[in-house]
Amino acid sequence: MAATPTPTPVDIFESGDAALRVVASSPDSEANWSTVHSLAEWLEAAGADGVHGSVPTYDSLLVEFDPGVTSARQVRAFVLLGLRQLDFVGAPARKPREFSVPVVYGGEYGPDLERVAEHEQLSVQEIIELHTAKSYVIRCLGAPAGSPMMDGPDFPLPVPRLKDPRLSVPAGAVAVAGRQAVIAPAVAPGGWCVIGQTPLTVLDAASEPLVPYVPGDLLRFHQIRPEEFANYAGRKLEAAR
Amino acid sequence: MTGSLIIQQPGNSVVTDLGRFRGPRFGLPVNGALDQFSARAANILTANADNAPLLEITALDFRMRATSDILIAVTGAPLTLTVGGRECPQWEPVSVRAGETVAVRRITGGLRAYLAVHGSVEAPTLLGSCAPDTVIGFGLRLSEGTELRTSQSVAPIRQPYYDLPLFRLGLTRPEFSSQAVVDVTDGPDVDEFGDTAELLFNTEYTVSARSNHIGLRLGGALPERQSTAEVLSRGVPVGAIEVPSREELLVLHRGRGVTAGYPVLAVVTSRSLDVLAQARPGHTITFRKTTVPDATAKYRAALRELENLRSTVATVFSLLGIGNQPGWSKLAPAAGT
């Protein structure tokens, strides 16, 4: 990737005595995303004393540190140094990997599929077609447990969250909310609309890293029949060759 | 010499450490001991590394038996500690003989106690930490009959007269109160709450029973967000104060999900997170505004106190011959002499 001709403007906010929030504030959301993720990688590689790490999402980055070793002031200076460095050399280029995810849609696997179809004034089949129509960029790892947060399918309307969040959503649940899409790596409470479930194991607590994808990787869903679900039992989500 | 601890009455206890600091970048909360000062102090009192695995005992009574002679320390909320039936002091090293039962009872005034063992205990790790993660189901929760391996044995040290407490290392214990004062700094989104942000400092909040290691829920007058614009998911710090519903204030603690879409009104200081870790349902909380430099200074003052304790412990333990290094008199003679 070429060096960015115009640096993305950022704002840095205090977030308590052990964290800073860095927000990229250009009108170009793609540039903002790229800036905060490049900065996260730079901070990780540079490894300053007392900096635990950072959590990049869409336009922002939370940098966490140990206030016994360093301070908000020092970390702010370190972040600014990283941004200048990135303006100079450009964001590191990395070839995205692709993940293919089999999904059983509807029924007990996707209890909210019909509700979503009704809200969008589309048929269930049209919802499935839109959801499987394109590859999604994994924008960031979210809660719970390294969920791949993606920009959602091209539905006509944003999908409202459930009024009463479920106390427990199974691992592998494929869900949508607002303009976003996600897979749940672990059992957790959730207020997103579950439209299907993948039989693949996404989170492997015995391996490092725990989830196989990183922000920037691509993910694509394809439909399988309920009878096929068991055939995938125990298989892990892996990048396609 | 190795030995083990046999859990007889687990109550609500886990093996933990100071946290999974590499977790957040992989979407995992930091977790770890909620009262970090007490956890560090317990490890320092037993001459362990600050981050060594130790037991976190929450609210309920706990009992275990040691199969070898060990040295322990119990810190955290006020409680009754007995070893082999004898009452022993908290916040000091305590010698336990093989076969004796260690009981922690009547945790009062606070919620969490920490029990460290010299040489620590063995526990599985994930990303370099043994801290339990309830969301992904990782960690060592203790149950009746759980056997924890210990790596170091310490010959019994007992005051020969009347079993008086042996150590008086003199660490200033934190205060535990049912009416806690919690320091916060302005959150990055404080402006979104307009004038209602001031309510945070003029209200006495009550800790709800729905509070846990993920977050405390507090009842009381709630600041109100003035805009309704959608917020993109962002990383949120431990200590973030949010107003997700019209019912309660949410204060995130170490088990918090690392991203959320709610504006952050204020952030609890590192030092005051320890105070919140000890708040019981029904206790009241009032918030006090501070600045990041003042919060950092207070945090470092607490670390200095712990450093002083560490050097006192090192001196006393080397005189008593406790520790990993043999004394000079036990070293083998140099070759050729």
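This is a predicted model: local features need pLDDT of at least 70, side-chain atom pairs count only at pLDDT 80 or more; totals for chains, interfaces and linings use all residues.
Local features require pLDDT of at least 70 and side-chain atom pairs pLDDT 80 or more, while totals for chains, interfaces and linings use all residues. Residues are numbered from 1 along each chain as its sequence is written, and side-chain values use heavy atoms, with hydrogens and water left out.

**Exercise 1.** Describe the extent and composition of the contact between chain A and chain B.

*Solution.* Step 1: contact denotes heavy atoms within 4.5 Å; chain A contributes 41 residues and chain B 37 residues. Step 2: the buried area, i.e. the accessible area (1.4 Å probe) that two parts lose on being put together, summed over both, is about 3,200 Å². Carbon and sulfur atoms supply 59% of this area. Step 3: on the side of chain A, the most area is lost by A:Asp17, A:Arg21 and A:Leu210, together 18% of what that side buries.

**Exercise 2.** Determine how many salt bridges and polar contacts link chain A and chain B.

*Solution.* Step 1: a salt bridge places a side-chain nitrogen of Lys or Arg within 4 Å of a carboxyl oxygen of Asp or Glu; the count between the chains is 3. One salt bridge joins the side chains of B:Arg25 and A:Glu44, at 3.6 Å from N to O. Step 2: a polar contact is a pair of N or O atoms within 3.5 Å, within protein one able to donate a hydrogen and the other to accept it, and residues adjacent in sequence count only if both atoms are side-chain atoms. By this rule, 7 residue pairs are in polar contact across the interface, both residues at pLDDT 80 or more.

**Exercise 3.** Identify the residues that touch the most other members of the largest nonpolar core.

*Solution.* Step 1: such a core joins buried (under 20% relative accessible area, 1.4 Å probe, protein chains only) Ala, Val, Leu, Ile, Met, Phe, Trp, Tyr and Cys residues through side-chain atoms within 4.5 Å. Step 2: the largest has 44 residues, and those touching the most other members are A:Val116, A:Met150, A:Val176, A:Tyr213, A:Leu219, A:Phe221 and B:Ile136. Step 3: leaving aside neighbours within four places in sequence, A:Val116 is in contact with residues including A:Ile127, A:Phe155 and A:Val176.

**Exercise 4.** Is A:Thr35 buried or exposed, and what does A:Thr35 touch?

*Solution.* Step 1: A:Thr35 has a relative accessible area of 14% and is therefore buried. Step 2: a polar atom of the A:Thr35 side chain lies 2.8 Å from the backbone oxygen of A:Ala31. Step 3: not counting residues up to four places away in sequence, A:Thr35 touches A:Thr8, A:Val10, A:Ala24 and A:Leu83.

Methods
Chains are lettered from A and ligands numbered from 1 in the order in which they are written. Buried means under 20% relative accessible area, exposed over 50%, partly exposed in between (1.4 Å probe, protein chains only).
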